[in-house]
Amino acid sequence: MIGIWVLGDQLHPAQSALAAHRPGGARVLLVESLSVLAQRRYHRQKLVLVWSAMRHFAEDLRELGWPVDHRRASTFAEAVGAWIDDHGIRDLHLMEPADRPFRAAIEELLARLASQGTAPRVVWHPSNAFLWSSEAFDAWAGRYRQLRMERFYREGRRRFGVLLDGQGQPLGGQWNFDQANRQAPPKGLRGPRPLWFDPDPITEAVIREVEALPDLPGHSRPFGWAISRGQALAALEHAIATRLDGFGPYQDAMVGGEPTLWHTLISPYLNLGLLHPLEVIRRLEQAGLERGTPLPSLEGLIRQILGWREYMHGLYGWFGADYAASNHFDHRRPLPPSFEALGGSGMACLDTVFAEIEASGYAHHIQRLMVIANYGLLAGLDPQALTAWFHRMFIDGFDWVMQPNVLGMGLFADGGRLASKPYAASGNYINRMSTYCRGCRYDVKQRVGSGACPFNALYWDFLQRHRDRLGGNPRMALVMRQLEKLPPEELEAIRATAAAHREGWGGTGGDPGPG
Ligand code: SF4
């Protein structure tokens, strides 16, 4: 008997292991294993999303004529071993996992079965979940000494023929309209309402099961994410109708009470396989051109998927397993208790974003980059601990996307392999791009003292602590010159303010340590 084991982030009916067979020609296995919680205490909404989506996918495959076994077990080994025995599986087909540790765990599981004499022959199918295969990305990356996303993105536009005129040139005469897309939020800015879905009986059952599991972060209700390909396609169409045209101008804005603004909320569906990136890009392009969507919005959104998302995935493979241990600044502070509690930092920006994550497992890219990761960088938080936190807390978090995004882009822990400079910013940036500071107990204009915005002291403290490493970066030259102009007594007051802030974390967070 031929068996196909479909992983929880491979939920597309045309994924490569399924596509290699016809319905009825093989048994399909989906496994929910509680062992994932031994490694990571995932946000409740994330568990509900993944497990409910797997159960709905099993239903969808049955309708297409596949015999499907859906198993829930303490470990993957227990479920897969029993399934192989029950059905006499001789050939086991899998699509290559996106996350490297999962491939290693499966290899180990199969080796254990082999030692018991029960292992089937294993056939790995190259993943078709991304536009760029690993081989194609590596061939591209091998041509350059310094990798940069913009070059990769342009190559992707040409390679897949997206937003080009008849001569292979970019529509609108330029490749990137980002300059038009960084507007601060005007007073009273409100985005369109997102499309949320009421839980059906399958999702309700999963929610109850997840609620019975102890000590997980995040709220399980209200739960409104799409849990099937049909709903994910509806969410995409809704985003096109209500969010696409306005996506560009305020994509970097952060507004209290408006957690989603014009963000499309489709990243979880892309990362689970419910939507394929190429179908989304083609549909966005077609709909955007038909609707007359402003090019900065259309190009900006397509760049997120064709550019950033593919680039993150490609770099994850290209950098290799050692990348996970990157720690350029030797930062070792544990996360403050407010990260685990998703609140209680006393800083309006962090606490607003934490509350939104607690409610839905979601925050948009600037909240992630310029509030949370920026804070982690400036405060000297352990990059591995913060990356693991992102992976657990975010509804769309996986190893392949969080490693380059958090370690590389957010924390510059790779010393510049991904980004050309650290995304470090004082409270000024947050004040300009958000409404948070108005309701904060700290004064964003102050640099030192107990009432000063902690981002300010942490920012200048970060720069002086890492003078040597940052001084040679031409993109940091301006700010490093400003640092050199600060009088010694001001620098001392900054150090004291930053230290006092860290001591206020409580627990072990305030321990003095490297970074
Ligand atoms: Fe955040 Fe500082 Fe603004 Fe408060 S004042 S919301 S801590 S940036």
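Colleague: What counts as a helix here, and which helices each supply at least two residues of the shell around the ligand?
Modeller: Helices are DSSP runs of H or I with at least four residues, numbered from the N terminus. The model is a predicted one. On that numbering, the helices that each give at least two residues to the ligand shell are α14 (348-360), α18 (427-433) and α19.

Colleague: Which residues come nearest to the ligand, and how does the shell divide by class?
Modeller: There are 14 residues around the ligand, and C349, G427, C437, C440 and C453 come nearest. No residue of the shell is charged and two are polar. The nonpolar ones number twelve.

Colleague: Are α19 and α21 roughly parallel or roughly perpendicular to each other?
Modeller: Helix α19 covers residues 454-465 and helix α21 residues 477-485, and their axes are 10 Å apart. The packing angle is about 95 degrees, and angles of 65 to 115 degrees count as roughly perpendicular. The two helices are therefore roughly perpendicular.

Colleague: Which residues make that contact?
Modeller: By class, five residues in the contact of α19 with α21 are nonpolar, one is polar and none is charged. From α19 come W460, L463 and Q464, and from α21 come V479, M480 and L483.

Colleague: How far apart are the C-alpha centres of domain 1 and domain 2?
Modeller: Domain 1 spans 2-125, and domain 2 is made of 134-192 + 243-318. The C-alpha centres of domain 1 and domain 2 are separated by 31 Å.

Note on methods
Residues are numbered from 1 along each chain as its sequence is written. This is a predicted model: local features need pLDDT of at least 70, side-chain atom pairs count only at pLDDT 80 or more; totals for chains, interfaces and linings use all residues. Domain bounds come from an automatic or database domain assignment. Axes are lines fitted to C-alpha atoms, for helices over the stretch in contact, and angles run from 0 to 180 degrees between N-to-C directions. Angles under 35 degrees count as roughly parallel, over 145 as roughly antiparallel, 65 to 115 as roughly perpendicular and the rest as oblique. Two residues are in contact if their C-beta atoms, placed from the backbone, lie within 7 Å. Ala, Val, Leu, Ile, Met, Phe, Trp, Tyr, Cys and Pro count as nonpolar, Asp, Glu, Lys and Arg as charged, and the others, Gly among them, as polar. A residue is near a molecule or strand if its C-beta atom, placed from the backbone, lies within 6 Å of it.
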